[in-house]
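Hi,

Here is the structure I promised to pass on. Have a look at it first, and my notes on what turned up follow below.

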Amino acid sequence: MYQIITMQDTGGCQEMESFVSAHPKGHFLQSTIWPAAKPQWSWRGVLSKTESGQVQGALSILIRKMPGGFSLLYAGRGPVCDVHSIDVLRELFDGAAQVAKQCRGYMMQIDPDVLNSDEEFKGHMAALGFDRAADSLNFEGIQPRFVFRLELTGKTEEEVMAGFEQKTRYNIRLAGKKGVTTRFWSGDQEIPDDALTAFSELMETTGKRDRFLVRNKAYFANMLKALGAHGRLYMAYLGDLPISGTLACQYGDKVWYMYGASSNEHRNVMPNYLLQWDMIRWALEGSCRIYDFRGVSGDLSPENPLYGLYRFKKGFNGDFCEFCSLFTMVYKPVVAKGMDLALQCHKKLRHMMAAARSKKG
């Protein structure tokens with residue numbers, strides 16, 4: 001049986017949070033705390049329960065109002081369950097279909113925390129009516145398909161450091177020798193405005209340099225507040241000058257590197273390496289199983305403009321993981337087709353505007 005919950009259902013939310021945070025497939029995007037970081041979306045949770053009432057699966061669904069009174073449903077890195085149990089999957093997605101009826105949902109998208117090599121799971125999703133997006137190599141999806149994940153179970157700081165490539169160890173130590181210092185603030189603290197401002201400005205600089213769209217300061221401030229003790233803002237300084245920053249999240253048995261930014265100057269003192277090491281140490285302090293470096297390109301040719309990002313993260317000797325792309329369930333085909341065309345036009349316009357701003361900068 002399944003149960004649909006809202007944020008007003010305190011008991012249901014507590015059940016969901018206990019289950020998701022303890023499950024090997026648990027992810028901050030599937031938590032009950034993440035929806036507060038997305039105030040423009042509403043939220044529903046779906047729980048699959050045994051006959052005795054024990055939770056055996058969970059699906060956190062963000063709901064975005066779209067033109068015409070319809071809604072788009074999105075379950076980032078869901079579902080959280082035994083992904084090889086088609087019965088549990090069916091219950092969760094039956095619950096999602098009921099949510100879609102309640103909010104006039106025309107489509108649901110899911111990008112699971114499941115490796116692309118898992119043919120059994122992909123077969124279950126196809127049998128349940130999902131279409132899977134074509135394999136891609138860069139950042140075409142909502143969540144990255146390719147990531148590096150560092151296994152930390154049972155390791156000390158010394159053992160983790162010893163596993164890095166020699167150049168990575170050198171760069172971490174070089175940052176300290178060059179006078180780089182770091183600070184962090186937890187999301188449940190009063191974060192200094194100058195730190196948030198500096199991080200936002202560094203993000204703007206990075207966005208112009210690497211040609212991607214950037215969230216504003218208010219978005220990052222709200223995200224950290226929503227994550228509370230699970231989130232941290234890290235900043236690296238050369239003297240009093242902020243030169244690099246990151247956002248990280250610790251949830252369940254994992255830490256994720258969420259955002260990173262750096263100035264165009266002083267990159268030679270390697271602040272980004274030191275910040276990564278600080279975040280990995282946070283994962284070790286919390287006895288986490290995995291440190292997730294998040295997205296890299298799947299195009300591993302040195303000619304790829306994103307190859308430098310791959311090389312940077314590869315130096316920490318994590319496992320190169322390929323997830324199984326985006327799955328889509330269409331509830332209203334005609335509406336979905338029209339909405340897809342409108343969104344493609346909107347996305348193209350945003351990229352054109354970003355490119356124009358980059359040229360001006």
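Arg211 sits in the loop that links helix 6 (193-210) to helix 7 (217-227). This is a predicted model, so please read the backbone details with that in mind. The phi angle of Arg211 is near 60 degrees, a positive value in a residue other than glycine. Arg211 counts as exposed, since its relative accessibility is 73%.

His266 also has a positive phi, near 65 degrees, and is likewise not a glycine. You will find His266 in the loop between strand 12 (254-262) and helix 8. With a relative accessible area of 32%, His266 is partly exposed.

One more backbone item is the peptide bond from Gly78 to Pro79, which is cis, with omega near -5 degrees. Pro79 belongs to the loop between strand 4 (71-76) and strand 5 (80-81). As background, most residues other than glycine have a negative phi, and most peptide bonds are trans.

Now to the helix packing. Helix 5 (residues 166-177) packs against helix 8 at an angle of about 100 degrees, and their axes are 8 Å apart. Because angles of 65 to 115 degrees count as roughly perpendicular, helix 5 is roughly perpendicular to helix 8. On the helix 5 side the contact is made by Thr168, Asn171, Ile172 and Ala175, and on the helix 8 side by Tyr273, Leu274 and Trp277. By type, the residues of this contact between helix 5 and helix 8 are five nonpolar, two polar and no charged.

Tyr273 deserves a look of its own. Tyr273 is part of helix 8, which covers residues 271-285. Is Tyr273 buried or exposed? Its relative accessible area is 15%, so Tyr273 is buried. Setting aside neighbours within four places in sequence, Tyr273 is in contact with Thr168, Asn171 and Ile172, and also with Phe312 and Phe316. Met161 is 112 residues away from Tyr273 along the chain, and the C-alpha atoms of the two are separated by 12 Å.

Next, the nonpolar cores. The largest one has 48 residues, and those with the most contacts inside it are Trp34, Tyr106, Leu233 and Met258. Leaving out neighbours within four places in sequence, Trp34 is in contact with Phe28, Leu29, Leu62, Met223, Leu227 and Met258. Another core lies apart from that one and has 33 residues, including Leu152, Cys288, Phe293 and Tyr310. In soluble globular proteins, nonpolar side chains tend to be buried together.

Last, the cysteines. How many disulfides are there? The count comes to zero. Take Cys249: the closest cysteine sulfur to its own is that of Cys288, at 9.7 Å, which is too far for a bond. Cys249 is buried, with a relative accessible area of 0%. Cys324 is in no disulfide either, and the nearest cysteine sulfur, in Cys81, is 12 Å away. Cys324 is buried too, as its relative accessible area is 0%.

That is what I have for now. Happy to hear your thoughts once you have opened the model.

Best wishes

Note on methods: Residues numbered from 1 in each chain as written. Predicted model: local features only at pLDDT ≥ 70, side-chain atom pairs only at ≥ 80, totals over all residues. Heavy atoms only, no water. Helix = DSSP H or I, 4+ residues; strand = E, 2+ residues; numbered from the N terminus. Buried < 20%, exposed > 50% of the residue type's maximum accessible area, 1.4 Å probe, protein only. Contact = heavy atoms within 4.5 Å. Disulfide = S-S within 2.5 Å. Core = buried A, V, L, I, M, F, W, Y, C linked by side-chain atoms within 4.5 Å. Axes fitted to C-alpha atoms, helices over the stretch in contact; angles between N-to-C directions. Parallel < 35°, antiparallel > 145°, perpendicular 65-115°, else oblique. Nonpolar A, V, L, I, M, F, W, Y, C, P; charged D, E, K, R; others polar.
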